[in-house]
Amino acid sequence: MMTQEVTITNNVGLHARPATFFIQKATSYKSSIWIEKDDRSVNAKSLLGVLSLGIVSGMTISLVADGPDEAEALAGLKELVESGLNE
């Protein structure tokens with residue numbers, strides 16, 4: 001299991017469209033992936049779960065991956081977030 005902290009840098013945070021891009025990327029990996037914010041943890045492959053966290057620009061979240069491609073998953077998701085989530 002690996003953890004990576006990332007800061008949301010796009011203007012609108014993880015609302016519907018950027019969350020969809022994030023989830024599509026997360027589902028491309030075999031590993032289980034979670035997003036942790038404050039005391040909550042949700043499946044990063046679930047749109048409702050991700051949206052329920054209310055992640056806005058400037059927030060720092062933790063990505064947790066566990067599985068055969070966990071390092072690749074965290075690196076890919078971190079790169080997506082840092083690129084602005086295609087916004």
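How do strand 2 and strand 3 pair, and over how many bridges? Strand 2 and strand 3 (residues 40-43) pair in the antiparallel sense over 4 bridges, where two strands count as paired if DSSP finds at least two bridges between them. Helices (H or I, at least four residues) and strands (E, at least two) are DSSP runs, numbered from the N terminus. The model is predicted, and local features need pLDDT of at least 70, side-chain atom pairs count only at pLDDT 80 or more, while totals for chains, interfaces and linings use all residues. Residues are numbered from 1 along each chain as its sequence is written, and side-chain values use heavy atoms, with hydrogens and water left out.

Strand 2 and strand 3 form a hairpin with 2 residues between them, and in the turn Asp 38 has a positive phi of about 55°. Trp 34 stands opposite Asn 43 in strand 3. Strand 2 has a covered face, made of Ile 33, Ile 35 and Lys 37, and an uncovered one, made of Ser 32, Trp 34 and Glu 36. Ser 32 counts as partly exposed because its relative accessibility is 35%, given that buried means under 20% relative accessible area, exposed over 50%, and partly exposed in between (1.4 Å probe, protein chains only). Not counting residues up to four places away in sequence, Ser 32 touches Val 64, Ala 65 and Asp 66, contact being defined as heavy atoms within 4.5 Å. Ser 32 and Met 1 are 31 residues apart in sequence, and their C-alpha atoms are 9.4 Å apart in space.

Strand 2 and strand 4 pair in the antiparallel sense over 5 bridges; in strand 4, Leu 63 is the bridge partner of Ile 35, and Ala 65 is that of Ile 33. Strand 1 and strand 4 also pair in the antiparallel sense, over 6 bridges, with Thr 3 standing opposite Val 64. Strand 4 is largely enclosed by the rest of the structure, because 5 of its 7 residues are buried. Leaving aside its neighbours within four places in sequence, Ser 62 is in contact with Thr 3, Gln 4, Glu 5, Trp 34, Ile 35 and Glu 36.

The loop between strand 1 (2-7) and helix 1 (16-27) holds Asn 10. Asn 10 counts as buried because its relative accessibility is 5%, and its side chain reaches the backbone oxygen of Gly 13 at 3.0 Å.

Helix 1 has 12 residues and reaches 16 Å from its first C-alpha to its last, close to the 16 Å expected at 1.5 Å a residue, where the expected span is 1.5 Å times one less than the number of residues. The buried residues of helix 1 are Pro 18, Ala 19, Phe 22, Ile 23 and Ala 26. They cover an arc of only 140° around the axis, which puts them on the same side of helix 1; the arc is that of the directions from the helix axis to the C-beta atoms. What covers these residues includes strand 2, helix 2 (47-52), strand 4 and helix 3.

Helix 3 (residues 70-82) has 13 residues and reaches 18 Å from its first C-alpha to its last, close to the 18 Å expected at 1.5 Å a residue. Its buried residues are Glu 70, Ala 73, Leu 74, Gly 76, Leu 77, Leu 80 and Val 81. Seen down the axis, these buried residues fall within an arc of 165°, so they line one face of helix 3. An α-helix has 3.6 residues a turn, so residues three or four places apart point the same way. The buried residues of helix 3 pack against strand 1, helix 1, strand 2 and strand 4, whereas on the other side of the helix Glu 72, Glu 79 and Glu 82 are exposed. Just after helix 3, Gly 84 takes a positive phi of about 95°.

Note on methods. A polar contact is a pair of N or O atoms within 3.5 Å; within protein, one must be able to donate a hydrogen and the other to accept it, and residues adjacent in sequence count only if both atoms are side-chain atoms.
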